[in-house]
Amino acid sequence: MAQKSEYIQTETGNKVSRKSLIIGSQNIILGGKTIIQAECCIRGDLRRLVPQGQSAAAVAIAVGRYCFLSRGSLLRPPSKIYRGQFSYYPMKLGDHVFVGEGSVIEAAVIGSYVSIGKNCVIGKFTIIKDCVRVEDGTVIAPNSVIPSFSLVEGHPGQVTEELPETAAEILELKELYKGV
Amino acid sequence: MSSFPYIHISCPCNEDRPQLMAVDSARPLSPTKSPTKRDFPAPIPSSAPQTPSKRRGGPMAPSASFESTDTIADIEDDNDTEEDEENNFDPRDQRAAFSLFPIENLLYCEDCHQIRCPRCVQDEIVCWYCPSCLFEVPSSTVKSDGNRCTRNCYLCPICTALLVVIPVNHTSSSTLATEQPVGPFNLFCSHCHWTTSDLIPPLQLEKPTSISAQLAKLTPSAQDAEFTRLKQHYAQQLGNAQEDFTNSPAALTRLMGLYTGIGSGGGSHGSGMGGVGRKGRGVKKLEMKEIDRLREVIEEKELDTIERMATLGLDATANTKQRLSQPHEPRFLTEMRPTAVLLRTKRSKRCRACRHILVKPESKVQTTRFRIRLVALNYIPSLTIKRLEPTIQLTNLTPHKTHRFLLTVTNPLFDPISVSLLTPRYTPGTEYASRITILCPEFEVGANTDVWDDALMSTKPPPPPVVPTTPSSSFTGAGGTKDPRMSTVYEQKRNYTSVVIEVVPPEIPDTRETRIRDERLLEVPIFVRVEFEAEVDRDDEEGGGGGGSAAAKAAAAAGNPLGREKVEYSYWCVVGIGRVGDPVEGVVASEPNTPVRTPVGTPVKAPRTPGMSKTPLRQRLARE
């Protein structure tokens, strides 16, 4: 019973823990059937700064379907100084993205079927393609690109192995959603 | 090693061991051969448990629970018993590890009807690409420029993170004022903050683009120079480098002449050679000799290096990994060069036996789709194991205690299958054998129908549990007071069936020898035999795989009972259950015949531990 009331379910089937911290929810898109566990933090307020008069880009963080954000993970849009101006840039997560406990994500793009382990740091403007597995405790350097079918580990993260052709099946999170 | 519990499947390449060759050829592994052999009556007593009791005769097989079935088996099927007698899979065999893979890593050849592991396939490169900029590199460029990215992708020589280009004079005012940053530029590692200005002499670029060309100019290496010189030379020798010299016989002779010329010139290098053409070769020979010679160690230079090491300290020297990743093998960090990113490949895979393509990815770099993908996951039933009692600690199993696990067989096929699980009564290959019992070794697994069918099915009552095909008397023989209901399946759903497996680990002393042999690791070999009725083979009319399962589905949908044939195949798998812990007071050796506490037939939800949410994988989830 306690388990039931822990999550708020949205129309599209997202389950968001009451104990999570979601800032700037008007700038966050959840694709549906995504689970956000307790103590997660999503910084939707950190969106692109635009000169006055222009309409700001509305989306700071877009999350696909069947994603799973474990306890204590943090999604923060990446930031940099471009032409003398500090700005945040949007972050996009694909479908079936798993984020492990205590991981900090500042990636620009994360593809579909990506599993990120515990206590990882995904550096600013990292691009992770589809079907990637990031082992626990990996630190991916800023501006890195991780190609598809990679197993990344280390500090800084290096591709150490190739994933098999069945990676999409292995990394699928539909069953996980059903279990919550 | 992977976390417990794990299930690895043995690829048939393991059976190519020479001493077992003759025996193995008799095994009906291939479904193409076996159905024609004979028509099996509906419940096949022979197929099942002859392996367990037949295995170590004498003291190792005390309670011959399957004796009755054995005799039938002997009469019915000589081949199989003969094969099974000697041929229990031993997970501790030193060769076994080479052919054991998780099912996700295995492929399946539709023509051979065999599992294919990464060792049994042949890779063919579809395309090269840079893993950093994700641009495809044409094979001609790979041939001419080597296997590294020729664009602007460079890695930090210290920490291997990607380098970015930043202006040397990096002040906030300059970036504010100017539209375009002005040079000179550095390569900067945003992970360890190494820059090319740390080098001695500092390496600075004029432009933020075409880094490869600039670096090549700034850091000429002796090896590269020599290589380009040699390449130029051979291009000259070949005349027209564009010519496809491997196909034309004339060009081939010329090429052969080139090499034999060098070889014959070896004896008389230095001496004058007749002919203009030959002279060129003679000169080249001398150059090659120079690059091949032993490396000269100059004492002064070495002393200088030692002195520098003494003053700068060990922190300023490159470690072995860093050093070997550089072509000039520098001793000091200040001599390191940025390394270009190694290219990666997309590969298609062929069966080594029949040369049919098993995997063919789409050639576009950024897509993850496959044109052909014959993975074992779609062909053979997959096994998962989970604890029946959540109190079981997988890394600390109690000796002499009966541990119950739930073994789930999931059917990926569109036909219902009947499965026989055979296991040795005691784990092989060790002095400290654990006792294993699969309570219901024969059962049915439903077809992998559509999810919609499942949704419709859920309103109907689930199919009644399958009546055990094995006579329950065989169990009483083993168990005495055993609850006969345990010989039924534990849980049955759309396309999976769960049965209970009991494991009684022995007491294993903690000596040096047992540690070396890792005796406490508890691995259980299970022989899986699958039988089902499939529609008659499509006579290879389908052009390449992928369509196979779809065709099967279509046929199943049409409900065409005609032209169906029995297919059977089998494979060994190894279940890594856990580690045996130290003996616990009060738990003594006894026959593991305590009745099962959980009522049979009640579906029990998987024990949910808080830690499970961390495990992303569906497989792991199922095992929890």
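Visitor: Where is the place of His193(B) in chain B?

Guide: This is a predicted model, and in it His193(B) sits in the loop between β9 (185–189) and α9 (211–218) of chain B. The backbone there has a positive phi of about 60°, although His193(B) is not a glycine.

Visitor: Is His193(B) buried or exposed?

Guide: Count the C-beta atoms around the residue. His193(B) has 11 others within 10 Å, and a residue with 12 or fewer is called exposed, so His193(B) is exposed.

Visitor: What is phi of Thr160(B), and where is the place of that residue?

Guide: Phi of Thr160(B) is near 70°, again a positive value in a residue other than glycine. Thr160(B) belongs to the loop between β7 (154–155) and β8 (163–167) of chain B. The neighbour count for Thr160(B) is 20 inside 10 Å, so this residue counts as buried.

Visitor: How should I read a pair of strands?

Guide: Strands of a sheet pair through backbone hydrogen bonds, either parallel or antiparallel. Take β10 (residues 79–82) and β11 (residues 85–88) of chain A: they run antiparallel and are joined by 4 bridges. In this pair, Tyr82(A) stands opposite Gln85(A) of β11(A).

Visitor: How many residues are between the strands in the hairpin of β10(A) and β11(A)?

Guide: There are 2, and one of the residues to look at in this hairpin is Arg83(A), which takes a positive phi near 50°.

Visitor: In what order do the 5 strands of the open sheet in chain B come?

Guide: The order is β6-β5-β11-β12-β13 in chain B, and the pairing is antiparallel. The edges are held by β6 (136–137) and β13 of chain B; each has a single partner strand, so one side of each is left without a neighbour in the sheet. As for the side chains, in a regular strand they alternate between the two faces of the sheet.

Visitor: Which residue in β13(B) is the bridge partner of Val359(B)?

Guide: That partner is Arg373(B). The two strands concerned, β12 (residues 357–361) of chain B and β13(B), pair in the antiparallel sense over 3 bridges.

Visitor: How many helices and strands does the secondary structure of chain B come to?

Guide: Chain B has 19 helices and 22 strands. Of its 624 residues, 33% are buried. To see how the chain folds back on itself, look at contacts between residues at least 6 apart in sequence: in chain B, 70% of these join residues at least 24 apart.

Visitor: Which residues have the most contacts inside the largest nonpolar core?

Guide: The largest has 69 residues, and the ones with the most contacts inside it are Leu106(B), Leu107(B), Tyr108(B), Ile115(B), Ala376(B), Val499(B) and Cys573(B). Strand β22 (residues 564–579) of chain B gives this core its largest share, 8 residues. Apart from that core lies another, of 68 residues, which includes Ile110(A), Val134(A), Leu163(A) and Val341(B).

Visitor: Which residues does Tyr108(B) touch?

Guide: Leaving out residues up to four places away in sequence, Tyr108(B) touches Ile115(B), Arg116(B), Leu374(B), Val375(B), Ala376(B), Tyr379(B) and Ile380(B).

Visitor: How many residues does the contact take from chain B and from chain A?

Guide: It takes 28 residues from chain B and 33 residues from chain A. On the chain B side, α8 (172–177), β13 (370–373) and α19 (618–623) each supply at least two residues, and α19(B) gives the most, with 3 residues. By type, the side of chain B that touches chain A divides into 14 nonpolar, 9 polar and 5 charged residues.

Visitor: Which peptide bond is cis, with omega near 5°?

Guide: Look at the bond from His155(A) to Pro156(A). Pro156(A) lies in the loop between β22 (150–154) and β23 (157–162) of chain A.

Visitor: How far apart in space are Glu169(A) and Tyr113(A)?

Guide: Compare sequence with space here: these two are 56 residues apart in sequence and 8.5 Å apart from C-alpha to C-alpha. Glu169(A) lies in helix α2 (residues 167–170) of chain A and is partly exposed, with 17 other C-beta atoms within 10 Å.

Key: Residues are numbered from 1 along each chain as its sequence is written. Chains are lettered from A and ligands numbered from 1 in the order in which they are written. This is a predicted model: local features need pLDDT of at least 70, side-chain atom pairs count only at pLDDT 80 or more; totals for chains, interfaces and linings use all residues. Two residues are in contact if their C-beta atoms, placed from the backbone, lie within 7 Å. Ala, Val, Leu, Ile, Met, Phe, Trp, Tyr, Cys and Pro count as nonpolar, Asp, Glu, Lys and Arg as charged, and the others, Gly among them, as polar. Two strands pair if DSSP finds at least two bridges between them. A nonpolar core is a set of buried Ala, Val, Leu, Ile, Met, Phe, Trp, Tyr and Cys residues joined through C-beta atoms within 7 Å.
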